[in-house]
Amino acid sequence: MRYVRKGLQMGIVSWLLFLILWQIFAMNSNQDYFPTPVQTFRGAVELIADNSLVTYVFISFKRVLLGWLLGSLLGIPAGLLIGRFKWLRQLVEPYLNFFRFIPALAFITLFILWFGIGEQSKVILIMYATLFIVILNTAAGVVNVEDDKIRSARSLGASERQILIHVIIPAVVPAFFNGVRLAMGNSFMAIVGAEMIAANEGVGYLIWTSRLYSKTDWIFVGLLLLGLMGFTGDQLLRWLGKTSLKRYGIAKETRFGR
């Protein structure tokens, strides 16, 4: 029983159950359209043999990472400013609430026309998918900082800069990490759409072109790779979040510390 509990904690039981259910469902389906785990593994081996799989994963991850980093680097300071200054929040809030409902995929055609079919349009698309989530989460974190903390720091002679660095930013860390984690999920959704329409490399391109050869096992390989890349990135951010929160002594106040 102890090993079962440990397996549940590590996620091993969940993945074994997933593989068993996948195998059962595939065996009772048309395997030309729903391959088994073994067939999917063989498809992955085929793609690894000609080096295309590693290349596609590297290219997609590079695009996601670059666009996500740019969106986060722009979104964090913008969120701090919007959350800190009420007049600025009132000014830009209508724009944020308007554009955040327009999905990144809706801009693919325009971004190709504006920035070309190369890497720039894809990176900017991912940056757009990231930006608003990070801004809104960071700004919400700033707004929710307790006024008593700010007043206490001000009464002790702290300047606005010191209040920002030593009071507001530590309090916003949980909201910041929640924002960037959610934004990473949006980034992967955006890159798949972009690579399906305007790319000749990447995991999205692999999924889209596999239909031409009726290679559903390759499609499943692409889907699993997207999930694995996103899961790996999310777990890394989760670890960084826990480390940062422990540093500021607020690990128990957020799910990162659980």
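Q: What does buried mean for a residue?
A: Buried means under 20% relative accessible area. In this predicted model, F111 has a relative accessible area of 6%, so F111 is buried.

Q: Is F34 buried or partly exposed, and what about F220?
A: F34 has 24% relative accessibility, and therefore counts as partly exposed. F220, at 16%, counts as buried.

Q: Where do nonpolar side chains tend to be in soluble globular proteins?
A: They tend to be buried together. Here the largest nonpolar core has 45 residues. L53, I82, L125 and L226 are those with the most contacts inside this core.

Q: Which elements give two or more residues to this core?
A: They are helix 3 (37-49), helix 4 (52-84), helix 5 (86-99), helix 6 (108-115), helix 7 (119-143), helix 9 (160-197), helix 10 (203-210) and helix 11 (216-248). Helix 7 gives the most, with twelve residues.

Q: Which residues does L125 touch, leaving out those up to four places away in sequence?
A: L125 touches A104, F107, I108, F111, A190 and A194.

Q: How many residues are in the other core, which lies apart from the largest one?
A: That core has nine residues, among them V145, I163, I168 and V172.

Q: What describes a pair of aromatic rings?
A: Such a pair is described by the distance of the centres and the angle of the planes. The count in this model comes to 16 aromatic pairs. One of them is formed by F34 and F220, with 5.2 Å centre to centre and 75 degrees between the planes. Planes over 60 degrees apart count as edge-to-face, so this pair is edge-to-face.

Q: Where in the chain are F34 and F220?
A: F34 is in the loop between helix 2 (12-27) and helix 3, while F220 is in helix 11. They are 186 residues apart, and the pair links distant parts of the chain.

Q: How do the rings of F111 and Y128 pair?
A: Their pair is edge-to-face, with 6.4 Å centre to centre and 85 degrees between the planes. F111 lies in helix 6 and Y128 in helix 7, 17 residues apart. Y128 counts as buried, at 13% relative accessibility.

Q: Which residues do ring pairs link into a cluster?
A: The cluster consists of F98, F99, F107, F111, W114, F115, Y128 and F132.

Q: Where does the charged end of R211 sit?
A: The charged end of R211 sits over the ring of W208, 4.1 Å from the centre of that ring.

Methods:
Residues numbered from 1 in each chain as written. Predicted model: local features only at pLDDT ≥ 70, side-chain atom pairs only at ≥ 80, totals over all residues. Heavy atoms only, no water. Core = buried A, V, L, I, M, F, W, Y, C linked by side-chain atoms within 4.5 Å. Buried < 20%, exposed > 50% of the residue type's maximum accessible area, 1.4 Å probe, protein only. Helix = DSSP H or I, 4+ residues; strand = E, 2+ residues; numbered from the N terminus. Contact = heavy atoms within 4.5 Å. Phe/Tyr/Trp six-rings, centres within 6.5 Å; stacked < 30°, edge-to-face > 60°. Lys NZ or Arg CZ within 6 Å of the ring centre and 35° of its normal.
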